[in-house]
Amino acid sequence: MNPLENIRVVLVGTLYTGNVGSSCRAMANMGIRHLRLAAPNLQNDWEEGRRLAVHATGILDAREEFATFEEAVADCVAVVGTTAREGLYRQHVKAPRDCAADILSLAATGPVALVFGREDKGLLNEEVAQCTHLIRIPVDAGYTSINLSQAVLITCYEFFAASGRYQPPHEKAPPAPQAQKMQLMKNWAAMLEEIGFMKPGQADHFMQGFHRVFSRGVFTKDDAALLLGVARQAIWAKKNAEKGTHDEDGCGDSDV
């Protein structure tokens, strides 16, 4: 089972439909699809919310609304509150990254609520008291307030990352064998001599540099300058080549 399917994003006392719509988009990005509104106090119509949901209107349309916070989390095996405020009963907060894996383990057993408070004052103390876990997004101390939908995005991202569902793309081509690499160096040396970048007898010196670049990538100014020099020389050689020589340059050789 995918534990993200048991995550319920609960927005408490939300004021603006735009934040609800943007939260739906953030949830869709992270594979979380269940939205609950607890005692919403919306100050505008749903036009803005639907516009900011973009392609996540399915989440918006399927939202559940509850009259109270208690009803919205009643069936949840864990209630994870988000808070930016300090206080005696908010000192055991963790960063989302530090607890996402453990909370996902709970989500494998039943619904888990990720709770976000009001735009203007967050969660009330009595609501915090009902949370089984508290999390706080790490931010610079100079400005700790985060937009509601941004908080939803960051938190949901950490849970998505912890779920291990994202598989980064892999290079389709296999690593080049040594024989192919050495053939590359041989042909590269011949090309450098042909365009006049180096003279016969200089290959041992110059090719050491190219061996280094090709083995590790272009990381230093010297690496970049070396390849830029080849490019400039190749451009010069092409511009000054005799007419018709480009038909005899052997670029169709399959070993190049």
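Colleague: Why is Cys24 called buried?

Modeller: Cys24 has a relative accessible area of 0%, and buried means under 20% (exposed is over 50%, partly exposed in between, with a 1.4 Å probe and protein chains only). So 0% puts Cys24 in the buried class. Bear in mind that this is a predicted model, where local features need pLDDT of at least 70, side-chain atom pairs count only at pLDDT 80 or more, and totals for chains, interfaces and linings use all residues. Residues are numbered from 1 along each chain as its sequence is written, and side-chain values use heavy atoms, leaving out hydrogens and water.

Colleague: How do you know that Cys24 is too far from the closest cysteine sulfur for a bond?

Modeller: A disulfide is a pair of cysteine sulfur atoms within 2.5 Å. The closest cysteine sulfur to that of Cys24 is in Cys156, 11 Å away, so that is too far for a bond. Searching the whole structure turns up 0 disulfides.

Colleague: And what about Cys76, buried or exposed?

Modeller: Buried, because its relative accessible area is 14%. Its sulfur is 11 Å from the closest cysteine sulfur, the one in Cys131, so again too far for a bond.

Colleague: What makes Thr14 count as buried?

Modeller: Thr14 has 1% relative accessibility, so it counts as buried. You'll find Thr14 in the loop between strand S1 (7-12) and H1. Leaving aside residues up to four places away in sequence, Thr14 touches Val20, Pro40, Asn41, Leu42, Glu119 and Leu148; touching here is contact, meaning heavy atoms within 4.5 Å.

Colleague: Why is H1 called roughly parallel to H2?

Modeller: The axes of H1 (residues 17-29) and H2 (residues 46-53) cross at roughly 20 degrees and come within 7 Å. That makes H1 roughly parallel to H2, because angles under 35 degrees count as roughly parallel (over 145 is roughly antiparallel, 65 to 115 roughly perpendicular, the rest oblique). The H1 and H2 crossing is right-handed. Cys24 turns up again here: it is among the H1 residues making the contact, while the H2 side includes Trp46 and Leu52.

Note on methods:
Axes fitted to C-alpha atoms, helices over the stretch in contact; angles between N-to-C directions. Helix = DSSP H or I, 4+ residues; strand = E, 2+ residues; numbered from the N terminus. Left-handed = near helix turned anticlockwise from the far one by under 90°.
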